[in-house]
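Biologist: Could we go through this structure together? I would like to begin with the helix and then move on to the sheets and the charged pairs.

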Amino acid sequence: MEGGDYRRPLSFSARRTSDSDTGDLDGSGISGMSSRPGRLPGTSRRPEALTHSHPRPLPTPTRPIVSPLQNLLPSAPASPPTPAPSPTPQIHRLPTWSTASENEDAFLRDARPHFSRLDSQERQRFLAEILNLCDSQQLSFVLNYVSPRLKKDPFKSLPNELCLRVISFIDDPKTLARASQVSKHWHGLLSDDLTWKKLCEKHSYRRLSGAAGYSLSIQMHHHDSALFSTNPISPKEATFAHTLPSTSGFTSEISPQNMRAKRRRPKVTSYKSHFKQRYMVETAWRTGGKAIARHITPDQGVVTSLHLTPEYIVIALDNAKIHVFDADGQLLRTLTGHVMGVWAMVPWGNTLVSGGCDRDVRVWDMEKGDCKAILRGHTSTVRCLKMSDHKTAISGSRDTTLRIWDIEKGVCLNVLVGHQASVRCLEIHGDLVVSGSYDTTAKVWSISKGTCLRTLSGHFSQIYAIAFDGNRIATGSLDTSVRIWDPHTGFVTSVSSTMKACADPCFWSPRNCLAVLQGHTSLVGQLQMRGNTLVTGGSDGSVRVWSLEKYACVHRLAAHDNSVTSLQFDETRIVSGGSDGRVKVWDLRTGQLVRELSSPADAVWRVAFEEEKAVILASRATRTIMEVFSFSPPADSLGEFYRAPRAVSEESSGAMEPDQEAAMEEDGISCEMET
């Protein structure tokens, strides 16, 4: 290379044309290399990099790359496979005065008043000169010392209205619980009841009832029905301290905490406490709960009916007995009087009306255990019973008739005749009663007039289940279909779950009566309707959730290996029991299985639940067993929460005082929501 020009060496591809494969380069290979500027005469270029005639293979993960630096410096440590993590910032603590001299203290005594007499510009120049004298370590100390003092609490700077507006966009209760522990001011803001009211609405928690306090236990026929351990507790795992003697044949086991005198839960006074209680109850339904009572009958009796009221748990069996328990599952009394199996009953307050194979309808006082009246008139088994008010009961029988009774006077007001076969089910809303029969029809009757208003024909086999909300009637039949009717016209208003009706107008024709929700493959014996949602259970073991707005199937749940024997749902969950002996809890919104309650049994007769309680009647080893599960929060976890809502604090923010920290620990919302 002359004139300072750099001439590139020959590439590997060019050298591959050489006749020599020995790897030695002669002078004619790359002419002019010896004249490269800066190279001493007589020295030759290292031949290692150019000796091989074949290209060097690309590195692979199994063949690590060898750095040239490692060849030159064998003692250098190997490079790490990944970059080292960034160093964490050093925590600078405040300097201590334990080592300060007397002269230093005297100088600062003079410097403080001097600095305080300076104006703003003079102070800045003073500080700038001092900082110019500092090294990097001292400047780092100044940075860490000053930075926290420059931070501002946005909730302290903004008006409370804007702060609450920001908080309203947070729908995670854990975030709110953690935020309430930041400072006194944040704790005051998050005690505002409007924030928790909006959070209750976002989570679809019921509104508070100021008149009745917090009592969400509603009768079953109206369809409303430690933290807890992380695993479901089966009756076999639960231990009970007391075995109660029984004159009715029951062996009753009650947990110790339910043997004590009942402590009435205080009324909820704020949405914050309401939210916490509901949150803990929902958590218990998902992963907790505890068995609080267990009762065993010595004989094998089929449970024909189960009802929950705010005061009682009532079960009827085919051995002519009716057992009455209190709300916690303690046996109160057994009602005897029927001479054959009891197949229908309905409670109303302290009054119970029952009917069975002896063809009698009996009226009981559950508080005293007395039979107040015996109503006779049916000529076959009483199969279904409902009450329209505190003194009017309606019974359906296998003798094909319905009877309207005045239970206070003990007389029959009307006999409804029209069905051609057994009356299997009935529902009441207002002055209307709808009955389903084995003659494949459903009829709408007027209670006050005692007349049939219309007949709903369309099923091809017996009707086993019926639901009625005043606007729609749903009927389930042995023909595997579910039909939705308009009670005021009798015309069908539903379509197939496959949405074929959108393409075939005949599905909407009242004349054809093809109001079919199809999907089940066997008898549909369980129905419940709530708002625009219908849930059905069949003998095929499946549970289906239907939308009554779109008339389409929303969820298809393969719930049980055998018939669905019991079904109930509310705005959150579905609880189903089957002949396979299992009780399952499902999420109504997603259709996912949440958990199984209790341990598998031989068969499940009945299941009913309220918001904080579930009752299971099952058969185990030829015995009928009743299990009561509680999902109520522990009383001590809610005690501090039942107080008046706190106003938004106007105090200055800062670290919480010890007594406030203790109060928040007593509230327990943060740690319990974390759990």
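**Helix, sheets and salt bridges**

Modeller: At 1.5 Å a residue, the 17 residues of helix H11 (residues 271–287) should span 24 Å, and the end C-alpha atoms of H11 are 24 Å apart, which agrees. Please keep in mind that this is a predicted model.

Biologist: Is H11 mostly covered or mostly open, and how many of its residues are buried?

Modeller: H11 is mostly covered, with 15 of its 17 residues buried.

Biologist: And what follows H11?

Modeller: Gly289 follows H11, and the phi of Gly289 is positive, near 95°.

Biologist: Which residue forms a salt bridge with Arg278?

Modeller: Glu611 does, and the closest N and O atoms of the two are 2.5 Å apart. Arg278 belongs to helix H11, while Glu611 sits in the loop between strand S31 (603–610) and strand S32 (613–620), so this pair ties together parts that are 333 residues apart in sequence. Both Arg278 and Glu611 are buried.

Biologist: What about Glu282, which residue does it meet in a salt bridge?

Modeller: Glu282 meets Arg573, with 2.6 Å between the closest N and O atoms. This pair also links distant parts of the chain: Glu282 is in helix H11 and Arg573 in strand S28 (residues 573–578), 291 residues apart. Arg573 and Glu282 are buried.

Biologist: Which residues are linked in a network of salt bridges?

Modeller: The network links Arg278, Glu282, Asp570, Arg573 and Glu611.

Biologist: How many salt bridges does the structure hold?

Modeller: The structure holds ten salt bridges. One of them joins the side chains of Arg582 and Glu596, at 3.0 Å from N to O. Arg582 lies in the loop between S28 and strand S29 (583–587) and Glu596 in strand S30 (residues 593–597), so the parts tied together here are 14 residues apart in sequence.

Biologist: How accessible are Arg582 and Glu596?

Modeller: Arg582 has a relative accessibility of 29% and counts as partly exposed. Glu596, at 26%, also counts as partly exposed.

Biologist: Changing topic: which residues does the UniProt "repeat: WD" annotation cover?

Modeller: The unreviewed UniProt entry places that annotation on residues 349–374, 375–415, 416–455, 456–486, 517–556 and 557–596. In the model, residues 416–455 are 0% helix and 60% strand, and the end C-alpha atoms of this span lie 13 Å apart. For residues 557–596 the content is 0% helix and 57% strand, with 14 Å between the end C-alpha atoms.

Biologist: Let us take the sheets, then. What is the strand order in the open sheet of four strands?

Modeller: The order is S23-S24-S25-S26, with antiparallel pairing. Strand S23 (524–530) and strand S26 (552–558) are the edge strands, each pairing on one side only. On average, neighbouring strands of this sheet are turned by 20° against each other, direction ignored.

Biologist: How many bridges pair S25 with S26?

Modeller: Strand S25 (residues 542–547) pairs with S26 over six bridges in the antiparallel sense. Among the pairs, Ser542 has Ala558 in S26 as its bridge partner.

Biologist: And what is the order in the sheet of three strands?

Modeller: That open sheet runs S20-S21-S22, again with antiparallel pairing. Strand S20 (463–468) and strand S22 (482–485) stand at the edges with a single partner strand each, so one side of each is left without a neighbour in the sheet. S20 is joined to strand S21 (residues 473–477) by five bridges, and Ile463 stands opposite Ser477 in S21.

Biologist: What do S18 and S19 form?

Modeller: They form a hairpin with four residues between them, and Gly450 in the turn has a positive phi of about 70°. Strand S18 (residues 442–446) and strand S19 (residues 451–456) run antiparallel and are joined by five bridges. Trp445 has Cys452 in S19 as its bridge partner.

Methods. Residues are numbered from 1 along each chain as its sequence is written. This is a predicted model: local features need pLDDT of at least 70, side-chain atom pairs count only at pLDDT 80 or more; totals for chains, interfaces and linings use all residues. Side-chain values use heavy atoms; hydrogens and water are left out. UniProt positions are given in the numbering used here, feature names are shortened, and annotations may be inferred rather than shown by experiment. Helices (H or I, at least four residues) and strands (E, at least two) are DSSP runs, numbered from the N terminus. Two strands pair if DSSP finds at least two bridges between them. Axes are lines fitted to C-alpha atoms, for helices over the stretch in contact, and angles run from 0 to 180 degrees between N-to-C directions. The expected span of a helix is 1.5 Å times one less than its number of residues. Buried means under 20% relative accessible area, exposed over 50%, partly exposed in between (1.4 Å probe, protein chains only). A salt bridge is a side-chain nitrogen of Lys or Arg within 4 Å of a carboxyl oxygen of Asp or Glu.
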